[in-house]
Amino acid sequence: GVHRQILLATLGWFVGYQLLKRTEYAHAKVDRELFEYIRHHPVDFHAATEKKRIGELLEDFHPIR
């Protein structure tokens, strides 16, 4: 009956909520470890001093016709 549908819907919501919390925790843990590594090794992650323009990245266009 209806009580069984309500029970299963509540159970599904609870399991989904717990899985979402677990995945967010796992992603936060990975992010924390990566940011800590970047903080301890700043030489490996230096910012580019000069940004390239899109024209410098693409090859010259030569039409076939």
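Q: Is Leu19 buried or exposed?
A: This is a predicted model. In it, Leu19 has a relative accessible area of 52%. The cut-off for exposed is over 50%, so Leu19 counts as exposed.

Q: Where is Leu19 found?
A: Leu19 is in helix H1, which covers residues 2–40.

Q: Which nonpolar patch on the surface has Leu19 in it?
A: The one that Leu19 forms with Leu8, Leu11, Trp13, Phe14, Val15 and Tyr17. Together these residues have about 750 Å² of accessible area.

Q: What about Thr23, buried, exposed or partly exposed?
A: Thr23 counts as partly exposed, at 39% relative accessibility. Helix H1 holds Thr23 too.

Q: New topic, charges. How many salt bridges does the structure hold?
A: The structure holds 1 salt bridge. Glu36 and Arg39 form a salt bridge through their side chains, with 2.7 Å from N to O.

Q: Why can side chains pair like that?
A: Side chains of opposite charge can pair when their charged atoms come close.

Q: How are Glu36 and Arg39 placed in helix H1?
A: Glu36 and Arg39 are 3 residues apart in helix H1, so about one helical turn separates them.

Q: Are those two buried or exposed?
A: Glu36 is partly exposed, with a relative accessible area of 34%. Arg39 counts as exposed, at 56%.

Q: How many positive and negative side chains does the protein have?
A: There are 10 positive and 9 negative side chains. The centres of the two sets lie 12 Å apart.

Q: Now the whole protein. How many helices and strands?
A: The protein has 2 helices and 0 strands.

Q: What is the radius of gyration?
A: The protein has 25 Å, whereas a compact globule of 65 residues would be near 11 Å. The C-alpha trace spans about 70 × 50 × 10 Å along the principal axes.

Q: How many of the residues count as buried?
A: Of the 65 residues, 0% count as buried.

Q: And the accessible surface, what does that come to?
A: The accessible surface comes to about 7100 Å². Carbon and sulfur atoms account for 63% of that surface.

Note on methods: Residues numbered from 1 in each chain as written. Predicted model: local features only at pLDDT ≥ 70, side-chain atom pairs only at ≥ 80, totals over all residues. Heavy atoms only, no water. Patch = residues over 30% accessible without salt bridge, like charges linked within 9 Å, V, L, I, M, F, W, Y side chains within 5 Å. Areas by Shrake-Rupley, 256 points an atom, 1.4 Å probe, with all protein chains shown as cover. Salt bridge = Lys/Arg side-chain N within 4 Å of Asp/Glu carboxyl O. Helix = DSSP H or I, 4+ residues; strand = E, 2+ residues; numbered from the N terminus. Buried < 20%, exposed > 50% of the residue type's maximum accessible area, 1.4 Å probe, protein only. Rg over C-alpha atoms; globule rule 2.2 N^0.38 Å. Lys, Arg positive; Asp, Glu negative; His and termini not counted. Charge placed at Lys NZ, Arg CZ, Asp CG, Glu CD.
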